[in-house]
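Thank you all for making time this morning.

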Amino acid sequence: MKFADEFRDRDKARTLVREIETLADQIETTKTRPLQLMEVCGGHTHSIFRYGLEGMLPSSIELVHGPGCPVCVLPMGRVDDCVAIAERPGVIFTTFGDAMRVPGSKKSLMQAKADGADVRMVYSPMDALALARKHPDREVVFFGLGFETTMPSTALTVLQAEADGIENFSVFCNHITIVPTIKAILDSPDLHLDGFLGPGHVSMVIGAAPYAFIAEFYKRPMVIAGFEPLDILQSIWMLLKQIREGRAEIENQYTRIVPEAGNHPALAAVAEVYELREFFEWRGLGSIDHSGVKVRDQYARFDAERKFAIPNVKIADPKSCQCGEVLKGVLKPWQCKVFGTLCTPETPLGALMVSPEGACSAYYQYGGIKRSNTPEKEAVVS
Ligand code: SF4
């Protein structure tokens, strides 16, 4: 398959790993501790475990799995808000599939559907708009979720709804932004990261320039990375090369997809429909300034938050959940007390076990871990 097979070549992967080992040995830091490299994006976390990349790397490199899975960082209170909207008479609540099973404080959207709410899985917000056209007597709500990757398609759907004069469509906006999140991670006293694998999908929309502060102010390198095994290994190699040479720059390994300046039409649609929220609540990370967007006043009639009364209650995660520590990379998934026992993909307690991009789900699925907490050595795929 073009653009896939050539990025999964075993021999090239082995060559890259050897070069990574050589570079790692030349970096002074690795003599006292492993280099900590964070992959921000959940898609990278999934690929790293799917292809066993972590187990191929020398022990002098530690991959830290960041908060780049939007389903995983959705706080419980927002899931409760979704359920409250979905359970209103006359509402058709539409969502991407992986958000259906995220636990709320009482139930998930899947459970609300089982209890009689009209919750439907869609593949795009345009599918939700089509439903609104088909059912003019119903209120169709789309669950807008995700980073800048999915923000443009929701914005364009709102613009289409306006152009078509559709009144029974709205978006429950939970879109989040990547840059303040990375800044919050860099400011966290718990973490001492040496570099970042930059998110490929988000960067396809925003480009490379918004990350400049990471290099300029925090003196950390970032390499925007693709999602195939060779993409990730090459990006790690590029990061190590920067570290060995004492450089901190924003480099783009994923040039076949990510334009340096981003996608202008997508950014224009986002700017037209959304504005930054003062702050947004993240599961496990707390409130982060300017880390989410809301629908502008001009498009208020498409804003489910204004159209319907929502509980908007802040709900703490169950005490046994350690999603926050895992999201910040302070704990490995298997170090959570309930990993593989009370919390599994079939019975998720935390959101990181729901989406395939969640670190806990990826560890569980590809780490050979079944139903008990397992020491790290056994958890790693080789
Ligand atoms: S095992 Fe479950 S509760 Fe623990 S961090 Fe992972 S998702 Fe959260």
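This is a predicted model: local features need pLDDT of at least 70, side-chain atom pairs count only at pLDDT 80 or more; totals for chains, interfaces and linings use all residues.

**Starting from one arginine**

Let me begin with Arg 101, which is found in the loop between strand E3 (91-95) and helix H5 (109-114); helices here are DSSP runs of H or I with at least four residues, strands are runs of E with at least two, and both are numbered from the N terminus. Residues are numbered from 1 along each chain as its sequence is written.

If we leave aside the neighbours within four places in sequence, Arg 101 is in contact with Ser 108, Met 110, Pro 348 and Val 354, where contact means that the C-beta atoms of two residues, placed from the backbone, lie within 7 Å. Ser 124, by comparison, is 23 residues from Arg 101 in sequence and 18 Å away in space, C-alpha to C-alpha.

**Helices H2 and H15**

Let me turn to helix H2 (residues 42-50), whose axis comes within 9 Å of that of H15, the two crossing at roughly 15 degrees; axes are lines fitted to C-alpha atoms, for helices over the stretch in contact, and angles run from 0 to 180 degrees between N-to-C directions. H2 and H15 are therefore roughly parallel to each other, given that angles under 35 degrees count as roughly parallel, over 145 as roughly antiparallel, 65 to 115 as roughly perpendicular and the rest as oblique.

By class, the contact of H2 with H15 has five nonpolar, two polar and one charged residues, with Ala, Val, Leu, Ile, Met, Phe, Trp, Tyr, Cys and Pro counted as nonpolar, Asp, Glu, Lys and Arg as charged, and the others, Gly among them, as polar.

H2 is mostly covered, with eight of its nine residues buried, including His 44, Ile 48 and Phe 49. After H2 comes Gly 52, whose phi is positive, near 65 degrees. H15 is largely enclosed by the rest of the structure, because six of its eight residues are buried, among them Cys 360 and Tyr 364. Gln 365 also lies in H15 (residues 359-366), but Gln 365 counts as partly exposed because it has 16 C-beta neighbours inside 10 Å.

**Two further helix pairs**

Helix H1 (residues 10-25) and helix H11 (residues 229-244) pack at an angle of about 20 degrees, with their axes 10 Å apart, which makes H1 roughly parallel to H11. H1 passes H11 in a left-handed crossing, and the residues of this contact divide into twelve nonpolar, one polar and four charged.

Helix H7 (residues 151-163) and helix H12 (residues 264-273) pack at about 60 degrees, with their axes 8 Å apart, and that angle makes H7 oblique to H12. The crossing of H7 past H12 is left-handed, and the residues that meet include Ala 155 and Leu 159 in H7 and Ala 269 and Val 273 in H12. The contact of H7 with H12 has ten nonpolar, no polar and one charged residues.

**Domains**

Finally, the domain assignment gives domain 1 (20-69 + 179-251), domain 2 (76-176 + 262-307) and domain 3 (323-379), with bounds that come from an automatic or database assignment. The C-alpha centres of domain 1 and domain 2 lie 31 Å apart, and ten residues of domain 1 are in contact with 13 residues of domain 2. On the side of domain 1 that touches domain 2, helix H8 (178-187) and helix H9 (200-206) each supply at least two residues, and the largest share, five residues, comes from H9. That side of domain 1 has seven nonpolar, three polar and no charged residues.

Technical notes:
A residue is buried if 20 or more other C-beta atoms lie within 10 Å of its own, exposed if 12 or fewer, and partly exposed in between; C-beta atoms are placed from the backbone. A crossing is left-handed if the near helix is turned anticlockwise from the far one by less than a right angle, and right-handed if clockwise.
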